[in-house]
Amino acid sequence: MEKGKEPMIELAWGAHTDRGRRRELNEDSFVAEPPLFFVADGMGGHTAGERASATAIEAFSELRGRSLVGLDDVERAFARAVRDVSGIGAGIDAAGTTISGVAVTEQGGEAYWLVMNIGDSRTYRLAAGVLEQISVDHSEVQELVDKGEISSAEAERHPRRNVITKAVGAGSYDEPDYWLIPVAQGDRILVCSDGLSKELDTARLTQVLSEEESAQAAATRLVHEALLHGGRDNITVVVVDAIRDDGQGALDDTQTHVLDEDTLPRDLSKERTGDGPIQFG
Ligand code: MN
């Protein structure tokens, strides 16, 4: 880092995926490489789900390696994902996939998490010991919860809990939801497929994410706990930390990346302003 520059946000991350105990294939795909941290959970017969999730992730590949991306970059990549996934199968109900996660972007010279979601994979943020689900599931049970017809707890046991209402492909041309959240030191982002969130409750996710220091250790342990809990679906976990720039570097094998764009001076010691996530789109 050059002298005189403001401290930059440094990211550390880890990822782990497992086929689970019941499924023959792992139809989840993910990317965990700055500035993209996304999980996709494919669906469709035979290998269609595998292809769909991999195709959707691949549509974002040209953004890999950049320090930052803009909303327009993400929107273009998403449109490419829809086109490419829709092209996989001939039938309208062919291959489809969820996609959820964060891209690192900036607004007014400050780093932001650009959260994107379509379907029922999830993006959470752990901040000050509190785990908040940022994404809102596009699922039948979420609609029932929104109408006040069932509780969140009932949704977890509902027979139609696996029915999603929006996807990439599978005959859906819906746009994803987006949120912008300022990156604060100490933020820990969790992105996961429903193979995690349907096995472990929020309290357990919070505990594991709070106990494990390294992002990689947290990702690996969450997958293992989901397996121990039944592993009824494919499980994919990506954990991203905005770590303190204290010169200590990465813990163990967790990978790190410094966002050292000259255009991003910022005072990382500044308190979060208390603004909640901004949803748009
Ligand atoms: Mn799944």
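Analyst: Contact means heavy atoms within 4.5 Å. The model here is predicted.

User: Which residues does F60 touch, leaving out those up to four places away in sequence?

Analyst: F60 touches L36, F38, V74, A77, F78, A81, I99 and M116.

User: What makes a set of residues a nonpolar core?

Analyst: The residues must be buried, of the nonpolar kinds such as Val, Met and Phe, and joined through side-chain atoms within 4.5 Å. The largest such core has 29 residues. F38, F60, V74, F78, I99, M116 and V168 touch the most other members. Elements giving two or more residues to this core include strand 3 (36-43), helix 1 (48-58) and strand 5 (99-107). Helix 2 gives the most, with 6 residues. Apart from this core lies another, of 22 residues, among them I9, A15, V39 and V115.

User: Why is D120 called buried?

Analyst: The cut-off for buried is under 20% relative accessible area. D120 has 6% relative accessibility, so D120 counts as buried.

User: Where does D120 lie?

Analyst: D120 sits in the loop between strand 6 (110-118) and strand 7 (122-127).

User: How do you know that the side chains of D120 and K198 make a polar contact?

Analyst: The limit for a pair of N or O atoms is within 3.5 Å, with one able to donate a hydrogen and the other to accept it. The D120 and K198 side chains make their polar contact at 3.4 Å. The pair therefore meets the distance limit.

User: How much of the chain is buried?

Analyst: Buried residues make up 51% of the 281 residues.

Conventions:
Residues are numbered from 1 along each chain as its sequence is written. This is a predicted model: local features need pLDDT of at least 70, side-chain atom pairs count only at pLDDT 80 or more; totals for chains, interfaces and linings use all residues. Side-chain values use heavy atoms; hydrogens and water are left out. Helices (H or I, at least four residues) and strands (E, at least two) are DSSP runs, numbered from the N terminus. Buried means under 20% relative accessible area, exposed over 50%, partly exposed in between (1.4 Å probe, protein chains only).
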